[in-house]
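User: I would like to go through this model and ask, term by term, what the labels rest on.

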Amino acid sequence: MKTFMAIFALLLVAAMLFGCTQNIPQQPPSQQPPQGQPSGQPRVTTPVEDIAAQQLESKLPSGYENLTNLNDMLVNATS
Amino acid sequence: MDRRILFTGLAVLFLVTTILALSINNTKLANAAANVAAVVSKWKAIAISNQDLPKTVPTTSSVQAVFFTGTGIAVNPQDKLDFKYVNVIVGRVLVPSSSVSEDSSTSPDLEVKCTNSTGTGKCFVFVRAGLLYLDKDRYTLRNVDFDNESATATLYSNGTEVGSLSVIKVDKMGRAIWAGTVTVRNLNYYTYILGTNNSLLITSADLQDKVGNIKACGQKLPSVNVTEIANCKKNGGRIYIGRGEDGCPMAPTCVTANCTKVTAISVRERIDCISEGGTVVAGVDDEGCPASPKCVLASGETRKVV
């Protein structure tokens with residue numbers, strides 16, 4: 001009887017320990033900015049996603065494309 | 001005697017619960033594995049191929065591909081007169097490595113493609129990005145996921161997260177219409193964007209009428225929130241909108257590929273890299289997994305770790 005209770009208690013403790021190990025947060029990678037950055041190199045601060053978005057802006061549709069398509073369809077239909 | 005029976009009963013219960021938990025987990029794992037396989041195969045369809053790589057490393061940014069673009073309307077389902085004009089473009093931009101700031105170097109939107117598989121040759125830095133106008137309000141898109149049939153992204157305004165976008169492609173009358181939801185500052189809008197052509201548009205070979213009538217899907221239009229996207233990306237995952245047998249979009253899910261652990265780059269190596277005029281770039285690989293950081297020099301060559 002006592003043996004059985006001891007095994008049960010051991011199982012509980014093992015389960016708790018397992019749970020604890022699963023909840024340990026991952027160590028974040030070092031976010032430290034590099035020290036001793038050369039002064040000659042300009043430091044880029046704009047997020048690269050914003051730089052890319054700026055490039056894409058030139059390709060944004062003007063909104064008249066649908067009218068152009070409609071026009072093409074009408075021209076094709078009548079010719 | 002009674003106690004013995006009680007403890008034996010408890011032990012059996014414990015055993016049954018454990019077996020049940022394990023079997024449920026296995027089923028979930030099997031489903032997740034199937035999802036990952038589907039997503040990875042879709043993702044590879046728009047992965048950067050070697051033919052897309054220019055001969056020389058660029059010194060200025062240029063648009064490499066447009067995933068989707070168009071104009072449309074976003075309507076608040078609670079108030080039919082609360083609607084906005086939508087103008088959107090999502091794509092991939094090739095940038096010089098010098099454009100990648102320290103804060104951006106681990107962005108999940110970065111993709112680094114090298115001319116040889118070992119990653120020691122010439123490397124090019126791409127960024128998945130987008131732009132969305134709601135009337136005159138301008139939002140940049142980050143955490144972009146695109147798989148030819150659906151797209152999700154987080155909306156940013158002045159560097160702050162303000163909402164999310166999730167759309168699926170519906171073919172109607174031979175045209176691609178992107179339907180879904182836009183959430184801005186806790187306001188939800190249904191959006192319908194008529195896709196427009198662009199010379200850099202990635203075309204889908206299997207553009208079929210998979211959803212004949214979007215109305216039949218009712219309220220199932222997918223929506224994802226900013227936290228969901230951010231958490232998914234943080235764990236190297238991707239937001240995926242699948243379709244049911246009826247062709248209707250299913251709830252977005254976060255799927256993670258079997259990613260290998262990323263090898264970190266030391267602070268010393270970072271300093272050496274920058275002092276040689278290079279940039280440490282991470283991001284994701286073709287499988288969507290977080291990629292190990294690389295030091296890309298101004299010449300486009302990858303600096304070997306000493």
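User: How do you know how confident the predictor is in chain A, and what is its mean pLDDT?

Analyst: This is a predicted model, in which local features need pLDDT of at least 70 and side-chain atom pairs count only at pLDDT 80 or more, while totals for chains, interfaces and linings use all residues. Residues are numbered from 1 along each chain as its sequence is written, and chains are lettered from A and ligands numbered from 1 in the order in which they are written. On the pLDDT scale, which gives the predictor's confidence in each residue from 0 to 100, chain A has a mean of 69, with 52% of its residues at 70 or more. Over residues 24-39 of chain A the pLDDT is below 50, although this stretch has 13 contacts in the model beyond near neighbours in sequence; a contact requires C-beta atoms, placed from the backbone, within 7 Å.

User: Why is B:Asn197 called partly exposed?

Analyst: A residue is buried if 20 or more other C-beta atoms, placed from the backbone, lie within 10 Å of its own, exposed if 12 or fewer do, and partly exposed in between. B:Asn197 has 15 C-beta neighbours inside 10 Å, and therefore counts as partly exposed. B:Asn197 lies in the loop between β9 (187-195) and α2 (226-234) of chain B.

User: What makes strand β6 (residues 150-157) of chain B largely enclosed?

Analyst: Of the 8 residues of β6(B), 7 are buried, so the strand is largely enclosed by the rest of the structure.

User: How do you know which strands β6(B) pairs with?

Analyst: Two strands pair if DSSP finds at least two bridges between them. Strand β5 (residues 137-146) of chain B is joined to β6(B) by 5 bridges and runs antiparallel to it, with B:Thr140 opposite B:Tyr156. Strand β7 (residues 160-172) of chain B pairs with β6(B) over 8 bridges, also in the antiparallel sense, and here B:Ala153 has B:Leu165 as its bridge partner.

Definitions and conventions: Helices (H or I, at least four residues) and strands (E, at least two) are DSSP runs, numbered from the N terminus. Two residues are in contact if their C-beta atoms, placed from the backbone, lie within 7 Å.
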